[in-house]
Amino acid sequence: MSDTPYGGGHPTIARAEALLSLGRTDDACDLLTAYTKEVSNKDADAYALLASCFFRKRGWAAVLVMAESALSLNPSHTDGHIFRSEALWRLGRADEAVTAAREAIRISPHHQSPYQSLSAALRATGDLDGALAAANESVRVSPESVNSHFARYDVLRDMGDNVAAQQVMRDVLSFAPEDADARAVLAGLKDEARELKLPELAREYAAALGADPLSGHISAKLEDVALRLVRRTRWVALLCLVYAAVTSRAFPTGDDPTSLPAPLGPRMWFFFLMCVGWGLCVWRTYFTLPKGAQLTLLSVVRRAGAAKLAVAHSLWGTLCAVLLVTVPWTDRGYEQALVWIGGVPVVLAMWWGSAKRRNERADEEKAKEKRLKAARERHQDGARDKESEAAR
């Protein structure tokens, strides 16, 4: 967590640090485990690095054990306290995590990492104001630390302040313009605020993925945008179907001509307009995207069942529209049946998908509110306990 290298103490620890920097977490973990078993003179740095390995694997119980092992050898080991704090709040022991983070700050008051850990621990207790203050202090200590700004972003997101969260990401990009995560997060925030159209959003995610091609998170975001672009084509199919029904006189109203079949000229003119409309849709959806986004879009259509279903719906609605205007129908009942057969499945699929996505967003918001409420209650209970003890 700190910027101070451990490797000055032993070549094995230096090698483990190098492996971690290359992303070879398992190799570093195996090397450090063997080292701690072989040497008789225990090294706190080795256990702190082991805590870092398990931190990357999200093994919080193991992180806590390794961090406490490091602290048993060196009670002033800053990273030991930091990793202990990070593990504790994830294990539901947020108050202890706050204490551990404050101890790390006492030992290293001029380093940004302890303030980031304190901010995360205070977020877990529900004390968002305190968490924001700790994150701001981390930014003050290290204005060009990406992690410091992201700690501030996390608190602002919990507070629901989209505008301030966007500004934090712009601050990151002002000194780290190639930071893929910041660019992707900013694009997501703008999408939530309805400030970007889908093709623009796809371009932003594609640029972010170009900066970090191995990012699974950004890749998933780009695939989600590609799926949304594919689903949007169903609106074009529905629009074609509605105008085809009007042109073919499937549902005449008022003083509109009612004789069948409808004149060939208007039907062929509509067929031409439909082809032009689909051409513009394909051009805007696919050909205006950068190459990486185009490849992702094709990959999503090939692999994702939801994308295949959306394409099938679009083709089905368009096929029914084509049949309405190319066949000289003489029975209005057949035309109306074709309109319902073409439109109802598409509308139902769109309604069901929209309702499902709304429910998922609502569930996420409820889970977030529940977590924050529980954390605030724990924080208030802890404050009352301290007041009671002080009164005694």
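The following exercises, each with a worked solution, concern the predicted model shown above.

Local features need pLDDT of at least 70 and side-chain atom pairs count only at pLDDT 80 or more, whereas totals for chains, interfaces and linings use all residues. Residues are numbered from 1 along each chain as its sequence is written, and side-chain values use heavy atoms, with hydrogens and water left out.

**Exercise 1. Determine how many helices and strands the protein chain has, and state its radius of gyration.**

Step 1. Helices (H or I, at least four residues) and strands (E, at least two) are DSSP runs, numbered from the N terminus. The protein chain has 17 helices and zero strands.

Step 2. The radius of gyration, taken over C-alpha atoms, is 29 Å.

Step 3. Along the principal axes, the C-alpha atoms fill a box of roughly 95 × 55 × 35 Å.

**Exercise 2. Identify the elements and residues around the largest pocket.**

Step 1. A pocket is an open set of points on a 1 Å grid over the protein atoms alone, where a 1.4 Å probe fits, with protein on both sides within 12 Å along at least five of seven lines; lining residues have an atom within 4 Å of a point. The space in the largest pocket is about 2000 Å³, a volume filled by probe spheres set on the points, which are joined across faces, edges and corners.

Step 2. Of the 49 lining residues, Asp191, Asp224, Arg228, Arg361 and Glu364 are the closest to the centre.

Step 3. Elements that give two or more residues include α9 (146-159) and α13 (216-247); α17 gives the largest share, 15 residues.

**Exercise 3. Locate the cis peptide bond.**

Step 1. Most peptide bonds are trans. The cis bond joins Leu260 and Pro261, with omega about -5°.

Step 2. Pro261 lies in the loop between α13 and α14.

Terms used
The radius of gyration is taken over C-alpha atoms; the globule rule is 2.2 Å times the number of residues to the power 0.38.
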